[in-house]
Amino acid sequence: MSVTIKSAREIELMRQAGKILASVHEELGKALCPGMSTMDIDRLGEKLIRSHGCIPSFKNYNGYPASICVSVNDEVVHGIPSKHRIIREGDIVSLDAGVIYHGYHSDAARTHAIGKITPEAEKLIQVTRESFFEGIKFAKAGNHLNDISSAIQAYAESFGYGVVRDLVGHGIGDHLHEEPEIPNFAQKRKGIRLMPGMTLAIEPMINAGRPDVVWMDDDWTVVTDDGSLSAHYENTILITEGEPEILSL
Ligand code: CO
């Protein structure tokens, strides 16, 4: 399958999927507090998703056992919720979620502070979020994919951070993962030309230290190799004739 252009009907369903996911993230952000287990977060997230008539797209995806990926501190992405993992004041917690609405997906991630965190952690979360917005300045018809990738990398690296290389963003639609792959770092090729109707999940994963990551024994949880903190920020966007539309905000 190649990169697809969504119809007006498909775009409308993805708008709904995005809007619902934005509200799920908002509710989860409000609910987070010290003493919660990462499984509590997953349970609440799944309940919220289903209460809107959606299906959690991650559940059982390639065997992933939960609805929300919960990744704490040096965990980059795909942390598996556990009743034994308790979040504490000072932690940073990345929540990644996907929903399916009438067959169409949205995918978004946020990193939250639990209570008071260090200024360094605060900065990492902020810059990761900003790197997404730097990237989508180039998410316009006629530009190329690499314009987005390069802008994200340049911004994050200007703060001395490490841009994760082993995981990338992706096209999205009636599947969670569609073409193209969307790296958060510059490519030698300029990549596809962006066209109105393309829907993309852009998701910088930024480490306070080196870019290198390793997989834990559960085969899902990705952690920084040097033990540094990591943050994640993702939205599903629509390429238009003008400014991109952020569907999951
Ligand atoms: Co994604």
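User: What are the ground rules for the values?

Analyst: This is a predicted model, where local features need pLDDT of at least 70 and side-chain atom pairs count only at pLDDT 80 or more, while totals for chains, interfaces and linings use all residues. Residues are numbered from 1 along each chain as its sequence is written, and side-chain values use heavy atoms, with hydrogens and water left out.

User: What makes D107, H170, E203 and E234 donors of the cobalt ion?

Analyst: Donors are N, O and S atoms within 2.8 Å of the metal (3.2 Å for Na, K and Ca). D107 (OD), H170 (NE2), E203 (OE) and E234 (OE) lie 2.1 to 2.2 Å from the cobalt ion. They therefore count as donors. Their spacing in sequence is D-x62-H-x32-E-x30-E. H170 in strand 7 (residues 169-171) and E234 in the loop between strand 13 (230-232) and strand 14 (235-238) are 64 residues apart. Strands are DSSP runs of E, at least two residues; helices are runs of H or I, at least four; both are numbered from the N terminus.

User: Why is the site of the cobalt ion called irregular?

Analyst: The angles among the four donor atoms run from 83 to 167 degrees. The site is therefore not tetrahedral, and its class is irregular. Water is not among the atoms, so sites may look incomplete.

User: How do you know whether H170, E234 and T240 are buried or exposed?

Analyst: Buried means under 20% relative accessible area, exposed over 50%, partly exposed in between (1.4 Å probe, protein chains only). H170 has 5%, so H170 is buried. E234 has 0%, so E234 is buried. T240 has 17%, so T240 is buried too.

User: Which residues does T240 touch?

Analyst: T240 touches A141, P196 and E245, leaving out residues up to four places away in sequence. Contact means heavy atoms within 4.5 Å.

User: What makes up the contact of helix 3 with helix 4?

Analyst: V127, E130, S131, E134 and G135 in helix 3 meet I148, A151, I152, Y155 and A156 in helix 4. By class, that contact has six nonpolar, two polar and two charged residues. Ala, Val, Leu, Ile, Met, Phe, Trp, Tyr, Cys and Pro count as nonpolar, Asp, Glu, Lys and Arg as charged, and the others, Gly among them, as polar.

Definitions and conventions. Tetrahedral: all angles 85-135°; square planar, octahedral: opposite > 155°, others 65-115°.
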